[in-house]
Amino acid sequence: MGTATGAYWHEPEGSELRWMGETSTYFLATGEQTGGAFALVDEQAKRGESVPLHLHRDDMESFYVLEGEITLYIGDQPGVRARAGSFAHLPGGTVHGFRIESETARYLILTTPRHGQFYRAITLPSREGGLPPLESIEGPQIKRASEEYGVEFVGPLPDES
């Protein structure tokens, strides 16, 4: 890491790897590394993985789909299929959720440092060799992190109600 400018770089898969179930999250940039400017994570998840409708009033979030296909639910709009190359920006306070539709999907999430800390709080460090941890994140831990970082779950995805 460059001490004079704060600049840094790392090799592919050289960033910190954490897991939530079978979803891998590489922390490419944290608020600490960017001087509080942003956080960037690279996630890969399997078909059927989903995040229910939720919002975070003070934290924007943007998605860029690198591989695969995701259905995004934004506001009261019907779900939209986002394939590789698709981008979505969600200002703070926007209700949203998503589900992985392809066998696997890989996507970048650009967000605020605070929301990046939420991701850290709901994931566990990988085991040696990048393997998922043997334990899993439990509901109470997600609930505590949601309260601490201002994430409000508002309901299931529209076609899961």
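Tutor: Gladly! Strands (E, at least two residues) and helices (H or I, at least four) are DSSP runs, numbered from the N terminus. The model is predicted, so local features need pLDDT of at least 70 and side-chain atom pairs pLDDT 80 or more, while totals for chains, interfaces and linings use all residues. Residues are numbered from 1 along each chain as its sequence is written, and side-chain values use heavy atoms, without hydrogens or water.

With a relative accessible area of 10%, Ser24 is buried (buried is under 20%, exposed over 50%, partly exposed in between, with a 1.4 Å probe and protein chains only). Which residues does Ser24 touch? Leaving out residues up to four places away in sequence, Ser24 is in contact (heavy atoms within 4.5 Å) with Leu17, Arg18 and Trp19, and also with Asp42, Glu43 and Gln44.

β2 spans residues 23–29, and together with α1 it leads us to a cavity: each of these two elements supplies at least two residues of the lining of the largest one. A cavity is a set of points on a 1 Å grid over the protein atoms alone where a 1.4 Å probe fits but cannot get out, and lining residues have an atom within 4 Å of a point. A search of the whole structure finds one cavity of 30 Å³ or more, and the largest cavity holds about 70 Å³ of space (the volume filled by probe spheres set on the points, which are joined across faces, edges and corners). Its lining includes Phe27, Ala29, Thr30, Gly31, Glu32 and Ala39. Pro113, Gly116, Gln117 and Arg120 line the largest cavity too. α1 gives the most to this lining, with four residues.

Arg114 and Asp58 form one of them, at 3.7 Å from N to O. Arg114 sits in helix α1 (residues 113–121) and Asp58 in the loop between β4 and β5, so this pair links parts of the chain that are distant, 56 residues apart. Arg114 is partly exposed, at 30% relative accessibility, and Asp58 is exposed at 62%. Arg114 also has a salt bridge with Asp59, where the closest N and O atoms are 3.9 Å apart. Because Arg114 belongs to α1 and Asp59 to the loop between β4 and β5, this pair ties together parts 55 residues apart in sequence.

Arg57 forms a salt bridge with Glu152, with 2.8 Å between the closest N and O atoms. Arg57 lies in the loop between β4 (50–56) and β5, while Glu152 is in strand β12 (residues 151–155), and the two are 95 residues apart. Arg57 is exposed, with a relative accessible area of 51%, whereas Glu152 is partly exposed at 32%.

α1 and β12 meet again around another helix: the buried residues of α2 pack against both of them. In α2 (residues 139–149), those buried are Ala145, Ser146 and Tyr149. They fall within an arc of 105° seen down the axis of α2, so they line one face of the helix (the arc is that of the directions from the helix axis to the C-beta atoms). On the other side of α2, Pro140, Lys143, Arg144, Glu147 and Glu148 are exposed. After α2 comes Gly150, with a positive phi near 70°.

Salt bridges link Glu69, Arg81, Arg99 and Glu101. Three of these, Arg81, Arg99 and Glu101, are also among the residues that Ile70 touches, when residues up to four places away in sequence are not counted. Others on the list for Ile70 include Val65, Val80, Phe98, Ile100 and Tyr107.

Note on methods. Salt bridge = Lys/Arg side-chain N within 4 Å of Asp/Glu carboxyl O. 1 Å grid on protein atoms, 1.4 Å probe; cavity = no way out; pocket = protein on both sides within 12 Å on 5 of 7 lines; lining within 4 Å.
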